[in-house]
Amino acid sequence: MNAGEQLSLWGLIQNASLLVQLVMLLLLLASVVSWVMIIQRGLYLSRAKKALTTFERRFWSGADLNQLFREGNARAERGRTDGVESLFRAGFTEFTRLRQQGRSSPEAVMEGTERAMRVAMSREQEKVEMNLPFLATVGSVSPYIGLFGTVWGIMNSFRGLATMHQATIATVAPGISEALVATAMGLFAAIPAVMAYNRYSAKAEWLLSSYETFAEEFSSILHRKVHAS
Amino acid sequence: MNNASSYFLPVVISLLFHGLLIAVLSFGWEAREPERKPMPQFVQAKLISAEALTPKKAAPPKVDLREQRRQRELERQRKAEAEKKRRAALERKKKEEAERKKKAEEAQREKERKERERKEKERREQLERERQSAFEEALEEEEELLEAREDTQAVMSVAQAIQQRIESVLSWPPSARNGMVTEVKINFVPTGRVVAANIVKSSGNAALDRAVLTAVRKVEVFPEVAEVAREEPALFERQIRTTQLIFRVEGLRQ
């Protein structure tokens with residue numbers, strides 16, 4: 001066999017044993033899916049951050065709360081409210097509803113509003129942290145899977161060496177090389193996943209704490225409103 | 001948030017990314033040396049006369065007929081000259097070309113001849129080498145055979161010496177009968193000392209077996225063995241370190 005032909009990447013993958021090929025396929029899939037998650041999460045988180053800053057600017061510019069609520073109505077009907085705005089809408093809906101009943105005490109109104117915001121908050125948390133566990137899993141497990149494929153391949157190649165009369169480096173080198181492809185793929189899948197996981201979990205934490213701060217501030221405004229009237 | 005549509009773009013990007021990566025790896029990652037292209041031996045050059053290259057300018061219409069005729073005459077002359085020059089150049093070029101070709105062919109032939117000679121020489125050398133190596137092998141084999149014969153002789157003499165030494169101190173027990181055979185395995189160390197002695201095949205008479213073992217232990221050190229171990233360690237390791245001896249009860253008066 002031509003040495004150059006044998007050592008091309010495809011040649012190596014084709015010559016690998018079935019198990020090693022399966023491992024490679026698994027790692028390739030993991031890499032593809034984790035990149036899908038990375039891109040999707042990145043887009044979502046950057047959009048959420050932008051939405052947060054624009055909404056906060058709008059909120060603190062002294063606009064009327066009723067008007068702010070009405071502005072978001074169209075988007076809410078299409079089901080596209082996100083992040084801090086959905087927090088605001090949940091709180092404000094509950095607040096006006098309780099106030100219109102007229103019989104609740106100010107404490108009960110505040111309690112109901114805060115509860116509604118907590119529910120919305122936990123829903124947001126779910127959305128923000130979605131898919132992050134998958135990235136963590138890929139980041140920590142795929143090097144091991146790759147290593148497993150490599151160890152298996154090297155095992156086979158040494159077993160083949162044992163039956164040879166003349167053991168030269170050329171008889172084991174292709175086997176080891178093809179086995180090492182698995183480790184390379186594992187690392188290739190793991191490194192971006194770990195980086196993305198660290199970055200996105202920090203970002204998610206920051207987003208959630210800003211949401212919480214906003215919820216507190218908003219409830220203090222409502223509190224003032226309740227006790228003023 | 002609309003889930004399905006938010007995944008569409010990432011999926012496309014990710015698939016594109018991996019496809020690109022695989023393509024790059026499979027086309028760019030090969031352990032092959034770049035082939036050396038044979039360089040052309042000479043550059044083909046063409047001689048072009050300067051006149052032929054310059055575009056002919058259309059002569060501006062002249063009013064003066066004579067002047068025009070003269071001009072035409074001149075023009076014709078110039079053309080004829082240029083033609084002559086061109087033809088000469090062509091001739092020359094052809095000649096040069098032919099010469100060059102001839103030279104190149106000659107060089108090629110020379111190279112081929114040399115190549116053939118080299119190959120022939122290599123083949124001869126190879127044959128010579130093979131013959132040489134076959135001869136050497138045969139020689140080696142014979143030497144080995146001789147050596148082995150010598151070795152067996154040495155071992156035999158050592159074994160005999162050991163046996164004599166043991167038999168000199170051996171006293172047959174009263175229950176021993178003529179024809180009884182005991183096989184003993186003795187382990188030596190290079191100093192000639194016995195480290196272990198075992199019965200391999202018993203005679204059936206326990207007293208006789210014990211008597212043989214006692215005799216071996218009584219002698220304890222065999223100087224012959226030490227000598228062999230000093231002079232030919234390999235032989236000692238191979239043949240004498242574990243020695244089996246056969247003792248046959250003979251010459252007893254019944």
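## Basis of the description

This is a predicted model, in which local features need pLDDT of at least 70 and side-chain atom pairs count only at pLDDT 80 or more, while totals for chains, interfaces and linings use all residues. Residues are numbered from 1 along each chain as its sequence is written, and chains are lettered from A and ligands numbered from 1 in the order in which they are written.

Helices (H or I, at least four residues) and strands (E, at least two) are DSSP runs, numbered from the N terminus. Axes are lines fitted to C-alpha atoms, for helices over the stretch in contact, and angles run from 0 to 180 degrees between N-to-C directions.

## Helix pairs in chain A

Helix α6 (residues 83-101) of chain A packs against helix α7 (residues 106-129) of chain A at an angle of about 155°, the axes being 8 Å apart.

Residues count as being in contact if their C-beta atoms, placed from the backbone, lie within 7 Å. On the α6(A) side the contact includes A:Ser86, A:Leu87, A:Ala90 and A:Phe95, and on the α7(A) side it includes A:Val109, A:Thr113, A:Ala116 and A:Met117. By class, this contact of α6(A) with α7(A) has 10 nonpolar, five polar and three charged residues, where Ala, Val, Leu, Ile, Met, Phe, Trp, Tyr, Cys and Pro count as nonpolar, Asp, Glu, Lys and Arg as charged, and the others, Gly among them, as polar.

Helix α8 (residues 132-162) of chain A and helix α9 (residues 169-228) of chain A pack at about 170°, with axes 7 Å apart, and are therefore also roughly antiparallel to each other. Their contact, α8(A) with α9(A), comprises 25 nonpolar residues, 14 polar and one charged.

## The sheet of chain B

Chain B has an open sheet of three strands in the order β2-β1-β3, with antiparallel pairing; strands pair if DSSP finds at least two bridges between them. The edge strands, each pairing on one side only, are β2 (194-201) and β3 (242-248) of chain B, and the twist averages 25° from one strand to the next.

Strand β1 (residues 181-188) of chain B is joined to β3(B) by seven bridges, with B:Thr182 partnered by B:Phe247. Six bridges join β1(B) to β2(B), where B:Phe188 stands opposite B:Val194. β1(B) and β2(B) form a hairpin with five residues between them, and B:Gly192 in the turn has a positive phi of about 95°.

## Helices of chain B

Helix α4 (residues 206-219) of chain B lies across β1, β2 and β3 of chain B, running at about 160° to β2(B).

Helix α3 (residues 65-169) of chain B and helix α5 (residues 223-231) of chain B pack at about 155°, with axes 9 Å apart, and are therefore roughly antiparallel to each other. The contact joins B:Ala154, B:Val158, B:Ala161 and B:Ile162 of α3(B) with B:Glu224, B:Val225 and B:Val228 of α5(B), and its residues divide into six nonpolar, no polar and one charged.

Notes. Two residues are in contact if their C-beta atoms, placed from the backbone, lie within 7 Å. Angles under 35 degrees count as roughly parallel, over 145 as roughly antiparallel, 65 to 115 as roughly perpendicular and the rest as oblique.
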